[in-house]
Amino acid sequence: MERKKAFEPGEMVATFTGQAGMVISEELYPKVRENLKEKRRPGYYFAPGCCQHPDYVIQIPIIFEDGTYDVMRAMNIKKTPNIAEEKIAEIRNFLDRITD
C-alpha cells in the first residue's frame, strides 16, 4: 500500500518567508542534488542523514525560484496555486537545464 503524500511533485508552494518553489519528483531529486546548490533556508529539514529518500509527508524536496533546492519541513511550507507565471517559468527553466 502506497503512503498518502502531503505534497505532490509539480505542486507550487511557498515558504513562510514568501519564497516560491515547486515540489520535486522522486525521479528528479537525485539530479537536483547533483546539479544545484542546497541553500538551507529557514524551515529546512536538518536531521543528519535524513534526506536521501524524502517521504513527501514530513520531508518535502523543493526547487526554488533562485535555482537552489532544500528539503523543507512540511509545516514550514504551504500550497500556493496563484504564483506568478514568470516564477513558474524560471523554476521550470532550472529543471529543464538539469534534465538535458
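Contact here denotes heavy atoms within 4.5 Å, and axes are lines fitted to C-alpha atoms, for helices over the stretch in contact, with angles from 0 to 180 degrees between N-to-C directions. Helices (H or I, at least four residues) and strands (E, at least two) are DSSP runs numbered from the N terminus. The model is predicted, with pLDDT of at least 70 required for local features and 80 or more for side-chain atom pairs, whereas totals for chains, interfaces and linings use all residues. Residues are numbered from 1 along each chain as its sequence is written, and side-chain values use heavy atoms, with hydrogens and water left out.

The five strands form an open sheet in the order S4-S3-S2-S1-S5 with antiparallel pairing, where pairing requires at least two DSSP bridges between two strands. S4 and S5 (77–79) stand at the edges with a single partner strand each, so one side of each lacks a neighbour in the sheet. From one strand to the next, the twist averages 45°. S1 (residues 12–15) and S2 are joined in the antiparallel sense over three bridges, and Val13 is placed opposite Gly21 in S2.

Beyond residues up to four places away in sequence, Ile63 touches several residues, including Gly21, Tyr69, Ile91 and Phe94.

One aromatic pair was counted, the criterion for Phe, Tyr and Trp (its six-membered ring) being centres within 6.5 Å, with planes under 30 degrees apart classed as stacked, over 60 as edge-to-face and the rest as tilted. The ring centres of Tyr29 and Tyr69 are 6.3 Å apart and the planes stand at 80°, so the pair is edge-to-face. Tyr29 belongs to H1 (residues 29–35) and Tyr69 to S4 (residues 69–73), so the pair ties together parts 40 residues apart in sequence. Tyr29 and Tyr69 are both buried (under 20% relative accessible area with a 1.4 Å probe, protein chains only; exposed is over 50%, partly exposed in between).
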